[in-house]
Amino acid sequence: MARKLWPWRACAWYVGVLGAALALLPFAIPITVVGYAVVWVYTWTHDPRARKNFVKVLPVDPRRVFRCGQALWAGMLDGLGGPTAALVWAFVAAKLSRSARAQDTAVRDIQYGPLAKHRLDLFVPLSTATGAVVVIFPGYRWSRTKRARMYRPMAQTLCGDGLFVVLPRVGSQGSPADALEDFHVAVQWVVANAANFGADAGRVHVMGCGAGAHLCAMYSLAAPLRTWYAQADRMARGAQLLASAGADAALRRTVRRIRHPPRVAGLVLVSGVYDVVAQRRYEADRCIEHLTAAARAFATGEEEAWSPALAVRALRRRSAVLPPELFPQSVLLIHGRLDSTFELAQSQRMFRELCAVGVPDVQMKIYANLRRVDPAIALLAPRSALAQSLLEDIRASVKNQESRHAA
């Protein structure tokens, strides 16, 4: 039988591939070395286990190093926040134009609590004040939430739109529960003193981005969770809301620290995580489960206790008499479809749970071509298209709640 000869096109293809592989071989070694170096340095600086045994925690498997490098690169792109080139151009144009500079209307370093760190900035609109107050949860990390100068331009921009804005200093390097307790003290101060600076105590909205959005969602559930536990304990001592006993005990401890929580009128949640259990699985799939802020913030076995979406689902399934008025009456969720740090599925899950529990006004805005949506960066250039879109969304959410309040 005659042997079948290879066609010339197949031969040319294999020769071309082999030639390209040989040509790229000198570059493959330095690229591999650089990739390993970046992943190892990041592991050394971000993995808490590296303090005990650095060599043992270093990833060696090329597949793991590759996936970890991919995740780090995507996280860097997420951190740029929005269409960077357009924002930079709008920011430079605003700096060159004297008329575009907003007047600073902040009253700084107001004491809101008993500790020295309990300070806040209050931004008072000069005209067209609506009476609504937006309290910004200033935190990108759970392990370290603090007031930063980068939040002030965002607060001033919102203030120029007719809103009272409060920017408190919360937490330091403590746990998420510490930051949440500080934020509660700040919101209590706002409610108690709203009439003194011309605002309406019944129109207090809380706003956060990333970890701040997660903690805002947790804070808004303090009232319904305390109510459920109080009702359940009357019928059966030690009643359990969550499936895991350890997580339920952790949730009880967190809720117990927030005494007499005021009812939050509305939420503005941007690029947040609302199911920490799913987030930890997502991070493990990307081989960065020991390198993220969530890994350092939440103890193993307590992720369910810090998942507001799971808490809302549990409240909905286990209670038929919980008043819907205990929940925020207006919620705006904003997320970028291409966000790789916190997937869009996180906001979609929270949106579904809030709709199912009966929150009157739940809106969701998805930016199809953006990665992480960051108001603190976008509102540095108030005249940019992204900033105008964010301002319109926030304004609409606040006004919708005001209409129901007046009715």
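1. Trp-44 lies in helix α1, where helices (H or I, at least four residues) and strands (E, at least two) are DSSP runs numbered from the N terminus. Trp-44 is exposed, at a relative accessible area of 53%; the classes are buried for under 20% relative accessible area, exposed for over 50%, and partly exposed in between (1.4 Å probe, protein chains only).

2. On the basis of the note: this is a predicted model, in which local features need pLDDT of at least 70 and side-chain atom pairs count only at pLDDT 80 or more, while totals for chains, interfaces and linings use all residues. Residues are numbered from 1 along each chain as its sequence is written, and side-chain values use heavy atoms, with hydrogens and water left out.

3. Trp-44 belongs to a nonpolar surface patch with Val-41, Phe-54 and Val-55, and the four together have about 420 Å² of accessible area. Patch members have over 30% relative accessible area and no salt bridge; like charges are joined within 9 Å, and nonpolar side chains (Val, Leu, Ile, Met, Phe, Trp, Tyr) within 5 Å. Areas are from the Shrake-Rupley method with a 1.4 Å probe, and for residues only the protein chains shown count as cover. Helices α1 (8-46) and α2 (54-57) each supply at least two residues of this nonpolar patch.

4. A patch of positive charge is also present on the surface, formed by Arg-226, Arg-237, Arg-256 and Arg-259. For charge, Lys and Arg count as positive and Asp and Glu as negative, with His and the chain ends not counted. Each charge is placed at NZ of Lys, CZ of Arg, CG of Asp or CD of Glu.

5. The salt bridge count is 21, a salt bridge being a side-chain nitrogen of Lys or Arg within 4 Å of a carboxyl oxygen of Asp or Glu. One of them joins Arg-257 to Glu-181, with 2.7 Å between the closest N and O atoms. This pair links distant parts of the chain, 76 residues apart: Arg-257 is in the loop between α9 and β6, and Glu-181 is in helix α6 (residues 176-193). Arg-257 is partly exposed at 31% relative accessible area, and Glu-181 is partly exposed at 29%.

6. Asp-200 and Arg-203 form another salt bridge, the closest N and O atoms being 3.1 Å apart. Asp-200 counts as partly exposed, at 23% relative accessibility, whereas Arg-203 is buried at 16%.

7. Within helix α13, Glu-353 and Arg-349 are four residues apart, about one turn of the helix. They form a salt bridge with closest N and O atoms 3.3 Å apart. Glu-353 is buried, at 7% relative accessibility, and Arg-349 is buried, at 18%. Both residues are part of a network of salt bridges that also includes Asp-275 and Arg-316.

8. Helix α13 (residues 344-357) also contains Val-357. Val-357 is buried, with a relative accessible area of 17%. Its C-alpha atom is separated by 7.4 Å from that of Pro-324, although Val-357 and Pro-324 are 33 residues apart along the chain.

9. Thr-105 sits in the loop between α4 (84-96) and β1 (106-111) and is buried, with a relative accessible area of 12%. A polar atom of the Thr-105 side chain lies 3.0 Å from the backbone oxygen of Val-124. For reference, a polar contact is a pair of N or O atoms within 3.5 Å; within protein, one must be able to donate a hydrogen and the other to accept it, and residues adjacent in sequence count only if both atoms are side-chain atoms. Thr-105 and Pro-125, 20 residues apart in sequence, have their C-alpha atoms 7.0 Å apart in space.

10. His-260 has a phi near 50 degrees, and its place is the loop between α9 and β6 (266-270). Ser-271 has a phi of about 50 degrees and is found in the loop between β6 and α10 (276-285). Which of the classes, buried or exposed, applies to His-260? His-260 counts as exposed, at 69% relative accessibility, whereas Ser-271 counts as buried, at 0%.
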